[in-house]
Amino acid sequence: MTRAARLVLGVVVAAMLPRAGWAQGYRLRVDTRVQAAAYRGVTLDSIAVADTVSGPSGGPSTPDGFAVNCVGGGRYCRFFRPGPAVHSAPITTTADLTLWGLGVPGLSVRATGRVAGDLSGADRWPGTDSHVQLLEGYADYSSEHVSAQLGRQAVPTRFGFTGFDGGRLALRTGQQGLEVTGYGGWGLARGVALPVTSPALNPLDDFQPRQRQLVAGASAGWVAPRFDVRLSYLREVDPRVDYFVGERAGVDLTIRPARGWSLVGGADYDLAAGWWGSAEATLGYAALSGRVAATVGARRYRPHFDLWTIWGAFSPVPYRAGQVSLAITPLDRLRVRARGERYEYDNSETSTPLVSFETSGWRYSWGATYTASAAWTLDGGYQSEFGPGASSRGFEGSVSYAAGERLALVFNAATLDRPLEFRYDDASLKQYGVQAVYRPSPRALFQLDASRYAEDRRRPDAAAFDWDQLRFSARVVLLFGNGADMANLPPAVRRMPGGRAAR
Amino acid sequence: MRALRVALALAALGGSGASAQQLPAPAAAASGFDHEKHRKLFPACETCHPGAAEPGAPIWPTAASCAACHDGTIESRVSWQRPTEVPRTNLRFDHSAGAEVKLHPAQCVDCHAKKGAPWMTVQRVLPERCLDCHEIKTAHFAAPDTACAYCHVPLVRATRLARQDIADFPKPPSHEQPDFVRGSGHGAAAKARKPVAESCSVCHARDFCLACHVDAPEQAPIQALASDPRATAIVVRLEPPPSHADESFLGGHGAIARRAPADCVTCHTQESCQTCHVGKPRVARALHRSAESGRGIGAVMRRRRPPWHGDNFATNHAQRAAAATATCAACHVRADCLECHRPDAARAAGYHPSGFLARHPAAAYARETSCSSCHNAGSFCTSCHASAGLKAAAGPLGSGYHDATRFFIAGHGGAARQSLETCTSCHAERDCLTCHSALGGRRFNPHGPGFDPNRLIKKNPQMCTACHGTVIPTR
């Protein structure tokens, strides 16, 4: 966080603290989770070309049976041996605080912070570094025509969940449904509440920006009974050299032509790279009764890379996909679902007779949920995907038991086969486990998970191995404050007969 | 005639009020005294029921008077006992000392026998006989509002009635009319007389109205009714009006609520709104809180997924959320977004099912969805792969991992352009610059379809200098 950002945040927090004591309402949700898991990776090794032998597949291998990869002209071939077991026990505590009734109608303060660590001491689990993160923290003012936020926040747009330290202002009309939004500040990295300068984002010690990018965005939207449309623009600039990190524009559209029908779509254009990014269009039907829901659509996906990396210059090609999904309730207690997608990459304009690779793929899944009674639910399904790089297929099922709203038990099991395209790693996996959730009161939740994980990495060489383990996780959620329950609802809701369904 | 009166009075006490509200018969009737069998012995009702004619006199005969005949000699003995239970009735007229109407001008048979019936074929009081005398030319439950009070006291004064008695009240046919529950139905009926129609108060008290009416304090007819917790013995279930069943209602109810909140306050509280609109407390401002004294609890709402969410909404919600963020915010709070978009490292399952780690390669290679919306490639993908040993930067090219394809390095370009995000989860920029740099190495040109050097130079020439140094070629 830059000095200026710290200063702004400090001013906001300082301005709110004296009033916080007078806040008419507050809600604090503390969510602590811990997980114990182990994984077994690989260890890089090498062998002189002269020491290799011909392996079972005809390619070179080590004398003790490991397939090796030799680069033409090189003196050494490389290969990976099964690595040691790596044990991790990540633990996180996320606190979500909301204050309202601060003396100004419509003013509230929201903050979500997280403390993360690894009880095993290995610090190898992703997402536990840095150990203290402020996910969001801002003052919010909302009235019928104006919304304003100041502080650390994330804006959901077509370009993702863009995080920044700064301000956002939205102006809207009442009946017409028009809204104009502008925001700006010091940006955060994608998918995380850390600045791009954080060492935690650079595990390979690669090139890294020295300063945070400046973010500026705007959007204009119209929400009408029959359609919603929004035009968005986002630019990110490297303040050190005043060059673009990214510049994109996009449109999102939802049309509701008739009851139950919707057409949802959008597209974005990368103004910096000069090409179209991702786009989607989906026609959907959902019966009000919920008995039928179906979609058919097409989409295009192209990854976006910031301009302070070289990846965009490698010309990532998009893929185009057609997809369909259907979910029906043929019987009152039975829900059947299926979905599928077929995709194909654009021509990458690369070819070599030495290597062939997949340029298209498909994925589908089907399943069913049977609600035997208010307490018992059975679910089962199958998923399969095939495409470049990796494929997978497997069954999964669960049996759930709910004793009212207080106790829930879920027994689950799954199988998986995972063939890879570029590596001898045809893994086979069986997993089964149990989950227990106990809600002694609307202000507390306890959850325990335990699962048996048995993996068999079938390879034609010595790198094959079995990998079995037990995995555990636990979770405790506590709520404090007035007007708090598991879903931010006021106490009167909790007094309603029958309570309310947990989300 | 006196004996007849007594007999009829006996029967009347046995069924006093029961005919009106079907109350259980008292002990006398249950004992099986057969009036018809004794009809030749008793010419007058008052013989056995002197209280029917003389105020203060007992209404029931004594056991000794029965024993005058049933002495074991003339007739067999009987074990008749004078009833001790006070009749449970809401009739204004009965024969007890505390009755509202003790004396009645009618003869016993006028109430307790059908017109023209043989002597002593008595029954419980017959409402149609009451209506006939009072010249009310309708069926019992179709009687005009003003007629009820002729015979019945308000529920709150019918203190002898138990909850079960009230629960067993028959439902008048008018209440079965489709529009009776709402609109101009029961409300108009209640307002037919000021402050409230008397017919309502016969069976109902304010507590009954509070089962539904949130706006009870603002409704004069409801306030005109006295409070009586027994009134809730009649169970009523609040049903949504037909308008709520329209498919467009869920999407358009906000505008209706803003335009005419008074239409909502009858049945809905602030909590109705906040069950779903958790992040928008102000939308409920026009409504009352159920916690306020004297208000009904109103409609009890359940938070459910809207039908248009479909079954794959978690995967497909991005466009809808981007097009109309405020629509999402009506029901969702920030924590809902952060749950997935800022994932918890210690979470075993959530958006992805348990065990997804094992099958994530297939989903990630050809991006089933945009991973970077929720995961940072550096802190999440690369750091984990590096911990597992997949640290390509460990040596030149680091080619050993792709061992199933012998010449992968020679033909990796296509795979890389298709799944570049996957490559970057293990490879650093430096790995690629080993070959793809204009400054040294093998100087392979990485630029492919769609590459626009002039635009990139304009936007960020620094990117070009990574490979080209200060001499950046242009086209």
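Tutor: Two strands pair if DSSP finds at least two bridges between them. Helices (H or I, at least four residues) and strands (E, at least two) are DSSP runs, numbered from the N terminus. The model is predicted: local features need pLDDT of at least 70 and side-chain atom pairs count only at pLDDT 80 or more, while totals for chains, interfaces and linings use all residues. Residues are numbered from 1 along each chain as its sequence is written, and chains are lettered from A and ligands numbered from 1 in the order in which they are written.

Student: What makes strand S10 (residues 160-172) and strand S11 (residues 178-187) of chain A a pair?
Tutor: DSSP must find at least two bridges, and S10(A) and S11(A) have 9, in the antiparallel sense. A:Leu171 stands opposite A:Val180 in S11(A). The hairpin of S10(A) and S11(A) has 5 residues between the strands, and A:Gly177 there has a positive phi near 80 degrees.

Student: How do you know that strand S9 (residues 146-157) of chain A pairs with S10(A)?
Tutor: The count between S9(A) and S10(A) is 12 bridges, and they run antiparallel; the requirement is at least two. A:Gln149 faces A:Arg168 in S10(A), and the hairpin of S9(A) and S10(A) has 2 residues between the strands.

Student: What makes strand S24 (residues 426-441) of chain A a partner of strand S23 (residues 407-418) of chain A?
Tutor: S23(A) and S24(A) share 12 antiparallel bridges. S24(A) also pairs with strand S25 (residues 444-458) of chain A, over 14 bridges in the antiparallel sense. A:Lys430 of S24(A) is the bridge partner of A:Thr415, and A:Lys430 also stands opposite A:Ala454 in S25(A). S24(A) and S25(A) are joined by a hairpin through 2 residues.

Student: How many helices and strands does chain A have?
Tutor: Chain A has 2 helices and 26 strands.

Student: Why is B:Val236 called exposed?
Tutor: A residue is buried if 20 or more other C-beta atoms lie within 10 Å of its own, exposed if 12 or fewer, and partly exposed in between, with C-beta atoms placed from the backbone. B:Val236 has 12 C-beta neighbours inside 10 Å, so it counts as exposed. B:Val236 is in the loop between helix H12 (220-224) and helix H13 (249-259) of chain B.

Student: What is B:Val236 in contact with, leaving aside its neighbours within four places in sequence?
Tutor: B:Val236 is in contact with B:Phe208, B:Ala211 and B:Cys212, where contact means that the C-beta atoms, placed from the backbone, lie within 7 Å. The C-alpha atoms of B:Val236 and B:Phe208 are separated by 8.1 Å, but the definition uses C-beta atoms.

Student: Which residues of helix H25 (residues 461-468) of chain B are buried?
Tutor: The buried residues of H25(B) are B:Met463, B:Cys464, B:Ala466 and B:Cys467.

Student: How do you know that they are on the same side of H25(B)?
Tutor: They cover an arc of only 145 degrees around the axis, which puts them on the same side of H25(B). The arc is that of the directions from the helix axis to the C-beta atoms. An α-helix has 3.6 residues a turn, so residues three or four places apart point the same way. The buried residues of H25(B) pack against helix H23 (429-433) and helix H24 (453-459) of chain B.

Key. Two residues are in contact if their C-beta atoms, placed from the backbone, lie within 7 Å.
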